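Work through the exercises below with the sequence and the structure in view. Try each task before reading its solution.

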Amino acid sequence: MRRHLWIWQVAMLVLIFTAWQVLAQPELIPPFVWENPNRASFFFGEPVKIFRVVWEWFSGGAIYQHLWVTLQETALAFVIGAALGLGIGLWLGLSPTASALFDPYITAMNAMPRVVLAPIFMVWFGLGIWSKVALGVTLVFFIVFFNVYQGVREVSPVVLNNTVMLGANRKQLLRYVYLPSATSWVFSSLHTAVGMAFVGAVVGEYLGSARGVGYLIQQAEGAFDINTVFAGILVLTAFALVLDFAVGLAERRLLVWRPVQSETEQM
Amino acid sequence: MTAAVEFDRVTVTFASRAGAAPYTAVKNVSLEIADGEFVSVVGPTGCGKSTLLNVVAGLLKPSGGQLRVFGEPHGGINRRAGYMFQSEALMPWRTALGNVTAGLEFRGVDSRQSKDRARDWLARVGLTGFEDHYPHQLSGGMRKRTALAQMLILDPQILLMDEPFSALDIQTRQLMENELLELWSANRKSVIFITHDLEEAISLSDRVVVLSAGPATRPIGEFAIDLPRPRDVAEIRLTPRFIELHDRIWHSMKEEVLKGYAQTRNRVVS
């Protein structure tokens, strides 16, 4: 069972889609809920039709520009949000005065539901990608910020003292100890942060845009085209999985120095 | 000749946390370490041994008295001292080589040259072939060797060692002690070696200083160790002179150790 786990996982997927297809079939199941036999497929769509839409998107090439836009927004939101979070996290982590001053504001801004800012960003940055990037940044920033802030305060005092004794000045201490240590904290929140950047991009598109996968879904919903909506959701999910996989690869490359739990000590 | 390190009635009092009384870790310590001398400081647990080292390192400012380094009163980080800590102090995100070159990089030595010198030092502590390993990929003993190379590459005039080998098993520990003696005798520095292990102290040092139990620790005895060098730390423990010295020092320490033990126990109970 263990060895062929993926076969079972795929089988599960096939089973779910088959059941979905069968249950949504008009008149296959006696219409005890809805008087109209086509209702089930109207509400839930049909996997066959959904896959046809996906296929047409990819074979016709219509989807690529939308995916590209969403990817751009996600990447920009992540990079800008992470850089801001890293910088401000380091600053506040190292300066007790600044941190005491800003603490209530940071808490307040983090508590605020940032999705409501989306319309404001649209007014400020227009309907292009930047309003989505801005929304993503507000989501990514706090995740990275809190991780870095915590990380800076938990840098091992022995490592710090040792580095001081080796002759590091304040700037070198930042570069040799605080920054690498904080970076490892950024990476530990990487999966969440990239996920948040993606959420920001899609929600932003959904609320008002002319391109992007979120826009596709929003358009289809306007036309009650449930199959296209599900096709969009499917593409988004697959896209998120690919992103997550890419993040995993980057993480493994950049954090080679971190002990892996299963790794034995080499003598 | 001026002493490498001179404590002149040094007192260290830690400010209290809300409510508690201030804690005096060491009081009126006067002690001299000559240039090139290997001095061990022994004392019961929790008696402020590390506090003394931190004062020499400049990580702590004495609340009273003065510390002189080669005759000069000193404040701030002691640039002439190298410090080997008890717990893990390597930068986990740098390889063994990167850790050893760090000090040279801070001093602006060119990268090629510092790498060459670091490779040479890693070879001297027996770590050739492990240059690209990260600390977590090295064993405890290898990490200590890396820390030793990291400190010695800067050629400090004073070595401060805070129970550096206490986390190692006894065999590795004796190996490391012999290696330390070998490196030290090739280029004699002043060493202040903190330990709670009397045998380690005697087998390594020129002089053993015994501290009283804390708080307000002060030296209560000094013993010159006249054992011949070069020494093998495992063999020298079996010589009659070693046993005699051990007896004498232990006798003077015993009371303080019991005192320290009673205090620790009381602290646990209360």
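Domain bounds come from an automatic or database domain assignment. The model is predicted: local features need pLDDT of at least 70, side-chain atom pairs count only at pLDDT 80 or more, and totals for chains, interfaces and linings use all residues. Residues are numbered from 1 along each chain as its sequence is written, while chains are lettered from A and ligands numbered from 1 in the order in which they are written.

**Exercise 1. Describe the build of chain A.**

Step 1. Divide the chain: domain 1 of chain A covers 1-44 and domain 2 covers 49-254. Their C-alpha centres lie 35 Å apart.

Step 2. Count the elements. Helices (H or I, at least four residues) and strands (E, at least two) are DSSP runs, numbered from the N terminus. Chain A has 12 helices and zero strands.

Step 3. Judge the spread. The radius of gyration is taken over C-alpha atoms, and the globule rule is 2.2 Å times the number of residues to the power 0.38. For the 267 residues of chain A the rule gives 18 Å, but the radius of gyration is 24 Å, well over that value, so chain A is more spread out than a compact globule. Its C-alpha trace spans about 80 × 55 × 35 Å along the principal axes.

**Exercise 2. At what angle do α7 and α10 of chain A pack, and which residues make the contact?**

Step 1. Axes are lines fitted to C-alpha atoms, for helices over the stretch in contact, and angles run from 0 to 180 degrees between N-to-C directions. For α7 (residues 129-153) and α10 (residues 190-207) of chain A the angle is about 155 degrees, and the axes are 8 Å apart.

Step 2. Angles under 35 degrees count as roughly parallel, over 145 as roughly antiparallel, 65 to 115 as roughly perpendicular and the rest as oblique. α7(A) and α10(A) are therefore roughly antiparallel to each other.

Step 3. Two residues are in contact if their C-beta atoms, placed from the backbone, lie within 7 Å. Among the contact residues are A:Leu135, A:Leu139 and A:Ile143 of α7(A), and A:Met196, A:Val199 and A:Val203 of α10(A).

Step 4. Ala, Val, Leu, Ile, Met, Phe, Trp, Tyr, Cys and Pro count as nonpolar, Asp, Glu, Lys and Arg as charged, and the others, Gly among them, as polar. The contact of α7(A) with α10(A) has 11 nonpolar, five polar and two charged residues.

**Exercise 3. Describe where chain B meets chain A.**

Step 1. Chain B brings 23 residues into contact with 20 residues of chain A.

Step 2. On the chain B side, β6 (81-84) and α2 (96-106) each supply at least two residues. α2(B) gives the most, with three residues.

Step 3. This side of chain B has 13 nonpolar, seven polar and three charged residues.
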